[in-house]
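User: I would like to understand the words used to describe this model, so please set each value against its definition before drawing a conclusion.

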Amino acid sequence: MKQIPSDKYSIAWFTLAECVSRGEKVRALGLYRLLSHSLDDPAFTSQLKGDLLLAFQDDKAVDLYQEAAELYMKDNRILETVAVYEHLLTLEPKKQSYIKELTKLYKKLGIQSKVVNYLLCLFDLARDSNDLPGALEIVKQLDEIADQSLVDVHKSFVLFLLKQEDPPTPTIVKYGKKVIDQLIDTANDKTLQQFLTTIEAINNQCYRELNQYLESLPYDSKNQ
């Protein structure tokens, strides 16, 4: 690794910043190559080059950021990996692979709220792309870990299932019951009635099964 005297090192970084501000891409990349020899950190070096390319609106910046994330992960530097993927997500907000990586990383970090947040994002993407297996898997994961009400997710999932060419009745009824239970727990009679009315208009069989379930519940649970 080539060592640069500290005073020249500081000047070089300052000059690099000036090149970026003036839009001097070729000169900036030349300085980057000089400075990169003094950095014994391949992941950070890739991230830095990505920052440079992004400053010049070069699409290759994304490849450098992905390379940096992989290198950070290889070194088990999870926080740095998260930071890079969060940045990538600001560039491509609906990129499923970034959201999946962030979900895994936040699971490793034990930050449950972030895991739930990104699973919800994945659910929306799966629903919007009509990915039934993907949506079902995400809802199952949410049911396992969420410590918050998922009534809106379950409602959305039921309506998504009802719109399928061949609606899976058992799955619709299973999650429809979850919606009923949650709405009863919160004494939300109006929303419950709207939910059942919507189902009745789309699929009478599912409506009958859910209505029978509602009628089978103890009187107290329906009037708490």
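**From values to words**

User: Why does Arg 22 count as partly exposed?

Analyst: Arg 22 has a relative accessibility of 45%, and the scheme calls a residue buried under 20% relative accessible area, exposed over 50%, and partly exposed in between (1.4 Å probe, protein chains only). The value for Arg 22 falls in the middle range, so Arg 22 is partly exposed. Please keep in mind that this is a predicted model, in which local features need pLDDT of at least 70 and side-chain atom pairs count only at pLDDT 80 or more, while totals for chains, interfaces and linings use all residues. Residues are numbered from 1 along each chain as its sequence is written, and side-chain values use heavy atoms, with hydrogens and water left out.

User: How do you know that Glu 18 and Arg 22 meet in a salt bridge?

Analyst: A salt bridge requires a side-chain nitrogen of Lys or Arg within 4 Å of a carboxyl oxygen of Asp or Glu. The N to O distance between Glu 18 and Arg 22 is 3.8 Å, so the pair meets that definition. Side chains of opposite charge can pair when their charged atoms come close. Glu 18 is itself partly exposed, at 30%, and together with Arg 22, Glu 24 and Arg 27 it belongs to a network of salt bridges. The whole structure has 10 salt bridges.

User: What makes the salt bridge between Arg 77 and Asp 41 a link between separate parts of the sequence?

Analyst: The side chains of Arg 77 and Asp 41 meet at 3.0 Å, N to O. Arg 77 sits in the loop between α4 (61–74) and α5 (78–91), whereas Asp 41 sits in the loop between α2 (25–36) and α3, so the pair ties together parts that are 36 residues apart in sequence. Arg 77 has a relative accessible area of 22%, which means that it is partly exposed.

User: How far apart along the helix are Glu 101 and Lys 104, which also form a salt bridge?

Analyst: Their salt bridge has an N to O distance of 4.0 Å. Because Glu 101 and Lys 104 are three residues apart in helix α6, about one helical turn separates them. Glu 101 is partly exposed, at 28%.

User: Why is Phe 56 called buried?

Analyst: Phe 56 lies in the loop between α3 and α4, and its relative accessibility of 16% places it in the buried class. Leaving aside residues up to four places away in sequence, Phe 56 touches Cys 19, Val 20, Gly 23, Glu 24, Lys 25 and Ala 28, where contact means heavy atoms within 4.5 Å.

User: Is Thr 45 buried or exposed?

Analyst: Thr 45, in helix α3 (residues 42–55), has a relative accessibility of 12%, and therefore counts as buried. Its contacts, again without residues up to four places away in sequence, are Tyr 32, Ser 36 and Leu 39.

User: How do you know how spread out the protein chain is?

Analyst: The chain has 13 helices and zero strands, where helices (H or I, at least four residues) and strands (E, at least two) are DSSP runs, numbered from the N terminus. Its radius of gyration, taken over C-alpha atoms, is set against a globule rule of 2.2 Å times the number of residues to the power 0.38. The radius is 26 Å, well over the 17 Å that the rule gives for 224 residues, so the chain is more spread out than a compact globule. The C-alpha atoms fill a box of roughly 80 × 30 × 25 Å along the principal axes, and buried residues make up 40% of the 224 residues.

User: What classes of residue are found in the lining of the largest pocket?

Analyst: The lining has four nonpolar, four polar and five charged residues. Here Ala, Val, Leu, Ile, Met, Phe, Trp, Tyr, Cys and Pro count as nonpolar, Asp, Glu, Lys and Arg as charged, and the others, Gly among them, as polar. Helix α6 gives the most to this lining, with five residues.
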